[in-house]
Amino acid sequence: MMAALVLELQKEALGKDVGLTDLLRKAYFVARKLKVKELEEWVSHELNGYPSGTDLPPYRTISGTMKVWNPYHGWQTVMFESSKTMDALSTRQCSQAASEIEHILQNSKDGGSATMDYSAEVAGQIMSSIGIDLRPSLHIPLSALHRILDSIKNLILNWSLKLEEDGILGDDVSFSDEEIRRAAQANYNITNIYGNVVDSQLQQGTQSSRQKSRK
């Protein structure tokens, strides 16, 4: 006998044996079957990445340390007199698919970091401000990337628990008409799950940024 779909989703969200991509696929399947459009869209973005111009949830706002690569001295931290400027340049949004973040973590050494490049425009402004022609990048602690993945799992778990509370469990690979009706009446939406969206202070840089592991 197959376990209820929602209970399976809870079990996989709690365990460590199922990869996040597989968990997201099952969550997408559940959202699609229940016709919960906003959650379906959220899971799709987590699976495929957030398109340019799309609002990102607050757990995807990350902070790091701006550094430039000096061929004689290696990575050097860049500081600004204005704390407001420093905070703005050190805070970015990560739009990559969850699978890409997982790949970065899997291929990074313990204690290492990931780097996020600034757009050409923002990098040029930074180099002009510091008076050094060395391209800057933001160094992100791996713990910040782990927090993104943990947040995704927590959201899926909380949603599946809410479904159970509302008497929506599923049977094998489907839901009854009554369960679909309950889901529609519950008016599930991702805003209620993760709160208000926070815009990036450097959205233009985020949209054209890329991430890579740094050994």
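Predicted model: local features only at pLDDT ≥ 70, side-chain atom pairs only at ≥ 80, totals over all residues.

Biologist: What makes up the fold, in helices and strands?

Modeller: The protein has 10 helices and seven strands. Of its 215 residues, 46% count as buried. Among contacts with a separation of 6 or more, 74% join residues 24 or more positions apart.

Biologist: Why is glutamine 10 called buried?

Modeller: Its relative accessible area is 10%. Buried means under 20%. Therefore glutamine 10 counts as buried.

Biologist: Where does glutamine 10 sit, and what is it in contact with?

Modeller: Glutamine 10 lies in helix H1, residues 5–14. Leaving aside neighbours within four places in sequence, glutamine 10 is in contact with Leu157, Ser160, Leu161 and Glu164.

Biologist: How do you know whether lysine 35 is buried or exposed?

Modeller: Look at the relative accessibility of lysine 35, which is 59%. Exposed means over 50%. So lysine 35 counts as exposed. Lysine 35 is found in the loop between helix H2 (20–34) and H3. Its phi is near 60°, a positive value in a residue other than glycine.

Biologist: What makes aspartate 172 partly exposed?

Modeller: Aspartate 172 has 34% relative accessibility. Aspartate 172 is in the loop between H7 and H8. Its phi is near 65°, again a positive value in a residue other than glycine.

Biologist: Why is aspartate 166 called partly exposed?

Modeller: The relative accessible area of aspartate 166 is 25%. That value falls between 20% and 50%, so aspartate 166 is partly exposed. Aspartate 166 lies in the loop between H7 and helix H8 (177–186).

Biologist: On to helix pairs. How are two packed helices described?

Modeller: By the angle between their axes and the distance between the axes.

Biologist: Why is H3 called roughly antiparallel to H7?

Modeller: The axes of H3 (residues 37–48) and H7 (residues 142–165) come within 12 Å and cross at roughly 155°. Angles over 145 degrees count as roughly antiparallel. So H3 is roughly antiparallel to H7. H3 passes H7 in a left-handed crossing.

Biologist: Which residues meet there?

Modeller: From H3 come Leu39, Trp42 and Glu46. From H7 come Ile152, Leu155, Ile156 and Trp159. By class, this contact of H3 with H7 has six nonpolar residues, no polar and one charged.

Biologist: Which residues of H5 and H7 meet?

Modeller: Among them are Ala98, Ile101 and Leu105 in H5, and Leu145, His146 and Ile152 in H7. The contact of H5 with H7 has nine nonpolar, one polar and one charged residues.

Biologist: How do you know that H1 is roughly antiparallel to H2?

Modeller: The axes of H1 and H2 come within 10 Å and cross at roughly 155°. The limit is over 145 degrees, so H1 is roughly antiparallel to H2. The contact includes Leu5, Leu9 and Glu12 of H1, and Leu23, Lys26 and Phe29 of H2. Its residues divide into seven nonpolar, no polar and three charged.

Biologist: What is in the largest nonpolar core?

Modeller: The largest nonpolar core has 54 residues. Leu34, Trp42, Leu145 and Ile152 have the most contacts inside it. H7 gives the largest share of this core, 11 residues. Not counting residues up to four places away in sequence, leucine 34 touches Leu163, Ile168, Phe175, Glu179, Ile180 and Ala183. In soluble globular proteins, nonpolar side chains tend to be buried together.

Technical notes: Residues numbered from 1 in each chain as written. Heavy atoms only, no water. Axes fitted to C-alpha atoms, helices over the stretch in contact; angles between N-to-C directions. Helix = DSSP H or I, 4+ residues; strand = E, 2+ residues; numbered from the N terminus. Parallel < 35°, antiparallel > 145°, perpendicular 65-115°, else oblique. Left-handed = near helix turned anticlockwise from the far one by under 90°. Contact = heavy atoms within 4.5 Å. Nonpolar A, V, L, I, M, F, W, Y, C, P; charged D, E, K, R; others polar. Buried < 20%, exposed > 50% of the residue type's maximum accessible area, 1.4 Å probe, protein only. Core = buried A, V, L, I, M, F, W, Y, C linked by side-chain atoms within 4.5 Å.
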